Amino acid sequence: MIELDYFFTESDEKSSHYQLIQFSQNEPWRLVQDGELLGSLEKWNGKWQQLSGSPLSDALLEGICKLIESQHYHELPVQLLSRWGNVIAEVITKSDDEYLIICKERVSFRSFTSIFSKFVSTMLKDEWPVRFQLFNADFSEDFEIMAQPVKASYNFGWKD
């Protein structure tokens, strides 16, 4: 489940707080305000559409869609597959802090888990730890890592 908070300021300077909730990766997003379900929306064929509820203003809908699309968890599976496409068969997003990774057949699972553990933290852009569960192709072996994001630091060779 993924939960996002969205703060929307209307043209009259009135501010509203909404929650966006997605229970699983292939389900629509639910829009909730003060515990009340206002509607649902999803992206279909590259275009966002409201599926239920009273019609949202164009500005509110646009802001919500921008927030959802700006989240890093959408990009991370693609980046993982791009980097290790010869090893990874599938990446499943369970939430913004949990992923399942299934390896291809004939992969040295132990070697891959060792390499993955050393480098995946450098790919994280969010500020919270992310849990990865890795499985070999037939699910007979598994490995779990809680990866902490790494912040880049620069040292130019002199000290103050």
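User: How many residues of domain 1 are in contact with domain 2, and what makes them count as being in contact?
Analyst: Four residues of domain 1 are in contact with five residues of domain 2, and they count because contact means heavy atoms within 4.5 Å. The domains themselves are domain 1 (2-70) and domain 2 (74-147), with bounds that come from an automatic or database domain assignment. This is a predicted model, in which local features need pLDDT of at least 70 and side-chain atom pairs count only at pLDDT 80 or more, while totals for chains, interfaces and linings use all residues. Residues are numbered from 1 along each chain as its sequence is written, and side-chain values use heavy atoms, with hydrogens and water left out.

User: How far apart are the C-alpha centres of the two domains, and what area is buried between them?
Analyst: The C-alpha centres of domain 1 and domain 2 lie 29 Å apart. About 440 Å² is buried between these domains, and carbon and sulfur atoms give 50% of it; the term stands for the accessible area (1.4 Å probe) that two parts lose on being put together, summed over both. On the domain 1 side, I2, Q25 and I68 supply 73% of the area buried against domain 2, more than any other three residues.

User: How many salt bridges does the structure hold, and why is the pair of K66 and E62 called one?
Analyst: The structure holds seven salt bridges. The closest N and O atoms of K66 and E62 are 3.2 Å apart, which is within the limit, so the pair qualifies by the rule. Both residues lie in helix α1 (residues 58-69), four residues apart, about one turn of the helix; helices (H or I, at least four residues) and strands (E, at least two) are DSSP runs, numbered from the N terminus.

User: Is K66 buried or exposed, and how do you know?
Analyst: K66 has a relative accessible area of 54% and is therefore exposed, whereas E62, with 47%, is partly exposed. The cut-offs are under 20% relative accessible area for buried and over 50% for exposed, with partly exposed in between (1.4 Å probe, protein chains only).

User: Which residues are linked with R131 in a network of salt bridges?
Analyst: R131 is linked with K94, E98 and E144 in such a network. E98 forms a salt bridge with K94, the closest N and O atoms being 3.6 Å apart, while for R131 and E144 the closest N and O atoms are 2.9 Å apart. This latter pair links distant parts of the chain, R131 in strand β8 and E144 in strand β9 (residues 142-147), 13 residues apart. In general, side chains of opposite charge can pair when their charged atoms come close.

User: With which side chain does R131 make a polar contact at 2.5 Å, and why is it called that?
Analyst: The partner is the side chain of E98, at 2.5 Å. It is called a polar contact because the term covers a pair of N or O atoms within 3.5 Å; within protein, one must be able to donate a hydrogen and the other to accept it, and residues adjacent in sequence count only if both atoms are side-chain atoms. R131 also touches, among others, D97, Y99 and M146.

User: Where does S40 lie, and how do you know whether it is buried or exposed?
Analyst: S40 lies in strand β4 (residues 36-44), and because its relative accessible area is 12%, S40 is buried. The side chain of S40 makes a polar contact with the side chain of S52 at 2.9 Å.

Technical notes:
Salt bridge = Lys/Arg side-chain N within 4 Å of Asp/Glu carboxyl O. Lists of a residue's contacts leave out its neighbours within four places in sequence.
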